[in-house]
Amino acid sequence: MNSARNPQLNRDGGLQHLLTIEGLPREVITAILDTAAPFTEVAEREVKKLPLLRGKSVFNLFFENSTRTRTTFEIAAKRLSADVINLNINTSSTTKGETLLDTVDNLAAMQADMFVVRHASSGAPYLIAQHLAATGRDHIRVINAGDGRHAHPTQGLLDMYTIRHYKKDFTNLTVAIVGDILHSRVARSQIHALTTLGVPEVRVIGPKTLLPTDVERLGVRVFNDMRSGLRGVDVVMMLRLQNERMNGALLPSTQEFFKYYGLTLDKLELAKPDAIVMHPGPMNRGVEIDSAVADGPHAVILPQVTFGIAVRMAVMSMLARS
Amino acid sequence: MKIHIKNGHVVDPFNGIDRIADVFIAAGRIAAVGYEPAGFQANSVIDANGLVVCPGLVDLAARLREPGFEYKATLDSEMAAAAAGGVTSLACPPDTDPPLDEPGLVQMLKYRARHPNFAHVFPIGALTVKLAGERLTEMAELAEAGCVAFGQANTAVLDTQVLLRAFQYAATFDFPVWLQAQDPYLARAGVAHDGEVAARLGLTGIPVAAETVALATILQLARETGARVHINRISSRIGLEMIVSARAAGIAATCDVGVHYLHLCENDVGYFDPHARLDPPLRAQSDRDALRQGLADGSIDALCSDHAPVDDDVKQVPFAEAEPGATGLELLLPLTLKWASEMKLPLSRALPRITSDAARILGVPAGTLSVGSAADICVFDPQATLRISRETLKSQGKNTPFIGYELAGRVRYTLIDGHLAYDGSWD
């Protein structure tokens, strides 16, 4: 059996790794957002560096392709003066080589201080964290940069930072998450963050093929009709629809998806007049979101990216300190 | 060799015995229970004071991994595990490499398993060649070689016409057909019960319909052909209800459940624990409760260990990539006792599920202490506890979700054909 203790918290309840938002106390989430705030100003200075991670080695361990997330982690670590090593490890089933834990052991032997891990399998960062603990190397911190369909906690946190920036208070909001909830690690992290921060109504909107069984048990209201789901919301969080889902048994076509679940100006009118529109990127214009919305006044999609660096700096500096 | 087991609490449900009594063994058979046969001179006496003396356990699903998967386990290691677990008869599924689809392979397995310390092995022959679901095996020849039933292990026959023909052919010889009910399309890529935990952890789900859809096919073809079917490792409440109503409608269907499914459910996946990666998946708590109740009231005929030793390399990977399976032979008795005690069932009502009822499904004369039958006996201490650890397990498969559990029920002696195959009296 796994220990019942959440493996990302240390014995005192402090943050040891960042693996998921589920189960994080509200104070911890708020502390991360508070820590991130001053980091947004660093980017505006002439010298964009802080010495908080000087002498530390951060390994970006990407078993799945990513440009954006890897780049933002890299920038965040460099602004904190860390040494950053990027590893893109191809793990297609045809090129089975070293096991995941062998890779981890080798990199740990190179005196890594922090692993930023992306992996196609849900739970892979847990395996790494548990392995480090079992082998007496739990001084090495693990940050989940996206694992399968499970979690993408720094994305969830930067989304919370963005919402707080524009809406100030979480406890009077209605938030809708739209699209492919089933395959989305982003959606799961958003749901846990929003419910923990006290958002009274979190909605998920999508066709039944893209909603997990029993998703309402995560504390959300389910809508299959986008128009009723968007009515009166303060925040619309769009999700990326992966190409491979588009034509097959999950969805008949991109066109039909866009017609019923794409965010257009006329659908957005059902939301509150000051609603913000978010997207984790990269966007599929004309599939889940219309360009008129993506480039329009409600969109806060580019600020999300900027805040993402500050939030990742906050997470890294807090883990390095703990 | 004559053995006298004295002062034990004899529980032999098949013969209605549940009292302190002595057991007398001569020439590998039960000579008497409760009275000393005239002129009996014991060569050896086993003091069973404070211990339970019951028929050796009969396990309906124990993978020995030979031939083909010796890196996972060997006959030697798994037979040591069986003896240590009090298991004296076991059925092995045909999912070896190559699968048990040729008489020569079955003869070789039976031959290799012929050792006084080894449990009696009853191979389940492959229903189709290479388990591929296309061509029927030589079932009659396989039966002559020692197969007691025919099945597909954890794979399915996709082509329902082939399945119909397989049922007809098996029914011709009155061979039972053993199948796991899981539709491979509905289970495709699935690694966990399609419910709240899979939703939370982002794991691909296997819906209950994967079981019920496959069951509907199997039960209707059994009705059509009159074949005797046995469903292995039922996992859901609705699946169980289907079997119960099929039986009421006159279909010859029996079923078993794996011991893990009585104690664990989807929540035990915890933080992606690969030990809880099992096939079929651990389902909801309500399913587990229904299985516990069904086994108690007899809707489920028997309980098996579903022993599937796997090596560490295939478990120390992310959950979805882990190979399903857990070691079970040495846990069958303690986990049965745990279920019985939680359900407030006396031993006389719990033990048949792993002795006489299991033997009835297998169609072999085992699981009783009837006078004249083979002296296959398990002597255990129902109170003594053991903390399950990698070190205590004799199986080469060290992976089980019960590592760290403290379980009551320690086997002290296992006798196979009157031969002391395991002596745990010093543990």
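# Getting to know chains A and B

Chain B exposes about 15400 Å², and carbon and sulfur atoms supply 50% of that area. Accessible areas here come from the Shrake-Rupley method with a 1.4 Å probe, and for residues only the protein chains shown count as cover. This is a predicted model, in which local features need pLDDT of at least 70 and side-chain atom pairs count only at pLDDT 80 or more, while totals for chains, interfaces and linings use all residues. Residues are numbered from 1 along each chain as its sequence is written, chains are lettered from A and ligands numbered from 1 in the order in which they are written, and side-chain values use heavy atoms, with hydrogens and water left out.

## Exercise 1: Confidence

Find out what pLDDT chain B averages, and what ipTM and pTM the predictor gives the complex.

*Solution.* 
- Step 1. pLDDT is the predictor's confidence in each residue, from 0 to 100.
- Step 2. The average for chain B is 97, and 100% of its residues score at least 70.
- Step 3. For the complex, the predictor gives an ipTM of 0.92 and a pTM of 0.94.

## Exercise 2: The build of chain B

Work out how the radius of gyration of chain B relates to the globule rule.

*Solution.* 
- Step 1. Begin with the secondary structure: chain B has 12 helices and 18 strands. Helices (H or I, at least four residues) and strands (E, at least two) are DSSP runs, numbered from the N terminus.
- Step 2. The radius of gyration of chain B is 21 Å, close to the 22 Å that the globule rule gives for 427 residues, so chain B is as compact as a globular protein of that length. The radius is taken over C-alpha atoms, and the rule is 2.2 Å times the number of residues to the power 0.38.
- Step 3. The C-alpha trace of chain B spans about 65 × 50 × 40 Å along its principal axes.
- Step 4. Of the 427 residues of chain B, 63% count as buried. Buried means under 20% relative accessible area, exposed over 50%, and partly exposed in between (1.4 Å probe, protein chains only).
- Step 5. Among the contacts in chain B with a separation of 6 or more, 73% come from residues 24 or more positions apart; contact means heavy atoms within 4.5 Å.

## Exercise 3: The build of chain A

*Solution.* 
- Step 1. Chain A holds 11 helices and 9 strands.
- Step 2. A compact globule of 322 residues would have a radius of gyration near 20 Å, and the 19 Å of chain A agrees.
- Step 3. Its C-alpha trace spans about 55 × 45 × 35 Å along the principal axes.
- Step 4. In chain A, 57% of the 322 residues are buried.
- Step 5. The accessible surface of chain A comes to about 13200 Å², with 50% belonging to carbon and sulfur atoms.

## Exercise 4: Cis peptide bonds

Locate the cis peptide bond that joins B:Glu66 and B:Pro67, then the cis bond from B:Asp279 to B:Pro280.

*Solution.* 
- Step 1. Omega between B:Glu66 and B:Pro67 is about -5 degrees, and B:Pro67 belongs to the loop between β6 (57–59) and α1 (75–84) of chain B.
- Step 2. From B:Asp279 to B:Pro280, omega is near 0 degrees; B:Pro280 is in the loop between α8 (260–263) and α9 (285–297) of chain B.

## Exercise 5: A covered helix

*Solution.* 
- Step 1. Among the buried residues of α10(B) are B:Leu332, B:Leu335 and B:Trp339.
- Step 2. Just after α10(B), B:Lys344 takes a positive phi of about 55 degrees.
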